[in-house]
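I opened this notebook to keep track of what I looked up, one topic at a time. The entries follow the order in which I went through the structure.

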Amino acid sequence: GITDGIYFSDLSVTNTLTKTPDKTERLGSLLEAPPIGDDYGRRMWGWLVPLVTADYTFWIAANELGELWLSIDDDPANRVRACYAPSAVNERDWYSYPEQRSTLIPLVAGQAYYFEVRVLQDFYV
C-alpha cells in the first residue's frame with residue numbers, strides 16, 4: 001500500500017496534475033466518487049459555496065490514502081490541508097482516525113471556496 005513508498009507528490013511528477021478531467025458535474029451535499037480499480041490516483045476539485053454562514057467541520061474517508069484541501073477563498077493557491085485519511089478506511093467510515101476530521105472552519109454564505117480532494121488507491125512498489 002501507500003506505506004510502500006508512493007505519495008501524492010509522485011503523481012504530480014507523472015502528469016503534473018494537468019490532465020483534462022474525465023468528468024464534470026455539479027454536486028449536492030456529498031462529494032463522493034465510486035472506486036475505479038487499483039493502482040490509480042484521483043484528484044477532484046471545484047468550488048464550495050455555503051448557503052449559511054457558520055463554522056463547518058469536514059470529514060474524509062478513503063480506501064487507501066485521501067486528503068481534503070480547502071482554500072480560504074476562491075483561489076487554489078491559498079489551499080491548505082483540512083483533513084486526511086492516513087490509511088484505508090471503509091466507505092463512509094468517518095471516525096477511524098482523528099485526522100479524518102477537520103477543525104471548525106468558518107465559511108461565509110455565498111462566498112466561493114476552492115476545494116481539492118486527492119486519493120491514492122492500492123499502489124504497490
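**Aromatic pair**

I began with the aromatic rings, and the count came to one aromatic pair, where rings of Phe, Tyr and Trp (its six-membered ring) pair if their centres lie within 6.5 Å, with planes under 30 degrees apart counted as stacked, over 60 as edge-to-face and the rest as tilted. The rings of Trp47 and Tyr114 have centres 5.6 Å apart and planes at 70 degrees, so I noted the pair as edge-to-face. The pair links distant parts of the chain, with Trp47 in strand S1 (residues 40–48) and Tyr114 in strand S6 (residues 113–121), 67 residues apart. Strands here are DSSP runs of E of at least two residues, and helices are runs of H or I of at least four, both numbered from the N terminus.

I then looked up how covered the two partners are, taking buried as under 20% relative accessible area, exposed as over 50% and partly exposed as in between (1.4 Å probe, protein chains only). Trp47 counts as partly exposed at 48% relative accessibility, while Tyr114 is buried with a relative accessible area of 4%.

**What kind of model this is**

I wrote down that this is a predicted model, in which local features need pLDDT of at least 70 and side-chain atom pairs count only at pLDDT 80 or more, whereas totals for chains, interfaces and linings use all residues. Residues are numbered from 1 along each chain as its sequence is written, and side-chain values use heavy atoms, with hydrogens and water left out.

**The chain as a whole**

I found one helix and six strands in the protein chain, and from the N terminus on the elements run α-β-β-β-β-β-β. Of the 125 residues of the chain, 32% count as buried. The chain exposes about 8,200 Å², of which carbon and sulfur atoms supply 54%; these areas come from the Shrake-Rupley method with a 1.4 Å probe, and for residues only the protein chains shown count as cover. Taking a contact as heavy atoms within 4.5 Å, I noted that residues 24 or more positions apart account for 74% of the contacts with a separation of 6 or more.

Why do I call strand S3 largely enclosed by the rest of the structure? Seven of the seven residues of S3 (residues 65–71) are buried, so I can describe the strand that way. Leu65, Glu67, Trp69 and Ser71 point one way from S3, and Gly66, Leu68 and Leu70 point the other way. S3 and S4 run antiparallel and are joined by six bridges, two strands being paired if DSSP finds at least two bridges between them.

Ser71, which is in S3, has a relative accessible area of 3%. Its side chain reaches the backbone oxygen of Asp73 at 3.1 Å, which I read against the rule for a polar contact: a pair of N or O atoms within 3.5 Å, where within protein one must be able to donate a hydrogen and the other to accept it, and residues adjacent in sequence count only if both atoms are side-chain atoms. Leaving out residues up to four places away in sequence, Ser71 touches Asn78, Arg79, Tyr113 and Tyr114.

Ala85 is in strand S4, is the bridge partner of Gly66 and is buried with a relative accessible area of 0%. Beyond four places in sequence, the residues that Ala85 touches include Ile60, Glu64 and Gln100.

A polar atom of the Gln100 side chain lies 3.1 Å from the backbone nitrogen of Ser96. Apart from neighbours within four places in sequence, Gln100 is in contact with several residues, among them Phe58, Trp59, Cys83 and Trp94.

I last checked for charges over rings, meaning NZ of Lys or CZ of Arg within 6 Å of the ring centre and within 35 degrees of the ring normal. Arg81 lies over the face of Tyr84, at 3.8 Å from the ring centre, and the charged end of Arg118 sits over the ring of Trp69, 4.6 Å from its centre. I also noted Arg92, in the loop between S4 and S5, which has a positive phi of about 60 degrees although it is not a glycine.
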